[in-house]
Amino acid sequence: MKSEDNVTSLNDEELKIHGQFDQDKIKEQYDHLSSNYEDVYLQVGYPDPDKCAEFVENFEVSKDEEIFDMGCGTGLVGLKLKEKGYTNVVGVDASEKMLDQAKEKDSYTDLEELFLGTPDTFPEKYRERFVALTAAGILAEGHLGNEVFDEMVLALKQGGYAIFTTREEYLTKYNYQEKMDALVEEGKWEFVKQEEFLRYNNMKGDGVGRFKPTKVLVFAYKKL
Ligand SMILES: C[S@@+](CC[C@H](N)C(=O)[O-])C[C@H]1O[C@@H](n2cnc3c(N)ncnc32)[C@H](O)[C@@H]1O
């Protein structure tokens with residue numbers, strides 16, 4: 001299916017370069033995609049930032065307490081949090097050029113280049129610091145493995161909320177659910193709630209490349 005059937009100003013080639021991600025090249029891949037990232041995501045339909053911000057609001061996190069946006073990219077989550085009145089959001093991402101765009105939004109108190117997925121070297125300064133964290137679109141093919149859940153636990157203060165999205169199919173494909181459950185069994189966090197929604201919801205039929213209407217879940221876990 002041609003993308004003209006779906007979104008007007010994007011061609012199939014533009015959509016197809018958003019694929020085949022690989023952690024060994026992820027910084028270069030997103031540096032390259034940064035200039036059209038929002039163009040693509042906002043047109044194909046990407047409710048994840050809204051869903052994450054709604055979940056944060058649901059937990060009555062104080063507007064001036066520190067929130068951690070993991071894999072913040074161009075800052076779409078920070079923008080939604082800012083619109084809801086949150087004034088103290090710290091963002092990290094592997095891609096310098098995605099971060100450059102996040103800086104322009106003026107939604108973050110601090111933005112830093114950080115490669116996630118290695119809990120052993122997770123920076124001291126981010127440990128036990130945040131009352132909530134968000135992770136939109138980073139639990140995905142070629143993106144973060146389930147080690148990032150250990151980093152979430154490290155980053156939160158006791159009682160803090162981890163709020164993240166992932167495709168339903170990835171829960172088993174990349175063993176995310178297994179790790180989420182293991183952390184419950186280990187008494188590190190407890191499940192609070194989840195909600196289902198459709199990502200790439202502006203696309204029709206089979207869509208283009210990875211962009212077809214897809215079942216996604218947003219989760220909240222509370223650190224114990
Ligand atoms: C689909 S984008 C999501 C960005 C943003 N959270 C949003 O919702 O628009 C995925 C982001 O994850 C980042 N990323 C992927 N692997 C990473 C890693 N190991 N460490 C830090 N960031 C990573 C990419 O640079 C990219 O900005």
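This is a predicted model: local features need pLDDT of at least 70, side-chain atom pairs count only at pLDDT 80 or more; totals for chains, interfaces and linings use all residues.
Trainee: Where do I start with the ligand? Which residues come nearest to it?

Mentor: Start with the shell around the ligand. Of its 22 residues, Gly71, Gly73, Ala94, Ala136 and Gly137 come nearest. Then ask which elements supply the shell. Those giving two or more residues are α2 (26-33), α4 (48-58), α5 (76-83) and β4 (130-139).

Trainee: Which element gives the largest share of the shell around the ligand?

Mentor: Strand β4 does, with 3 residues.

Trainee: How many residues of the shell are nonpolar, polar and charged?

Mentor: Sort them by class. The shell holds 13 nonpolar, 7 polar and 2 charged residues.

Trainee: Now one residue. Is alanine 53 buried or exposed?

Mentor: Count the C-beta atoms around its own. A residue is buried if 20 or more others lie within 10 Å. Alanine 53 has 24, so it is buried. This alanine is found in helix α4.

Trainee: With which residues is alanine 53 in contact, leaving aside its neighbours within four places in sequence?

Mentor: Val77, Lys80, Leu81 and Lys84. Also compare sequence with space. Alanine 53 and glutamate 196 are 143 residues apart in sequence, and their C-alpha atoms are 15 Å apart.

Trainee: Next, strands. How many bridges join β2 to β3?

Mentor: Look at the bridges and the direction. Strands β2 (residues 89-93) and β3 (residues 110-113) are joined by 4 bridges and run parallel.

Trainee: Which residue of β3 is the bridge partner of glycine 91?

Mentor: Glycine 91 is paired with leucine 111.

Trainee: Let's take a helix. Which residues of α3 are buried?

Mentor: Read along the helix and pick out the buried positions. In α3 (residues 37-44) they are Tyr37, Tyr41, Gln43 and Val44. Then ask what they meet. These buried residues pack against α2 and α6.

Trainee: What happens just after α3?

Mentor: Check the backbone angles there. Glycine 45 takes a positive phi of about 100 degrees.

Trainee: Last, the record. Where does UniProt place the methyltransferase domain?

Mentor: Treat a record as a label, then look at the model. An unreviewed UniProt entry places "domain: Methyltransferase" at residues 67-160. In the model, that stretch is 28% helix and 30% strand. Its end C-alpha atoms are 10 Å apart.

Terms used:
Residues are numbered from 1 along each chain as its sequence is written. A residue is near a molecule or strand if its C-beta atom, placed from the backbone, lies within 6 Å of it. Ala, Val, Leu, Ile, Met, Phe, Trp, Tyr, Cys and Pro count as nonpolar, Asp, Glu, Lys and Arg as charged, and the others, Gly among them, as polar. A residue is buried if 20 or more other C-beta atoms lie within 10 Å of its own, exposed if 12 or fewer, and partly exposed in between; C-beta atoms are placed from the backbone. Two residues are in contact if their C-beta atoms, placed from the backbone, lie within 7 Å. UniProt positions are given in the numbering used here, feature names are shortened, and annotations may be inferred rather than shown by experiment. Two strands pair if DSSP finds at least two bridges between them.
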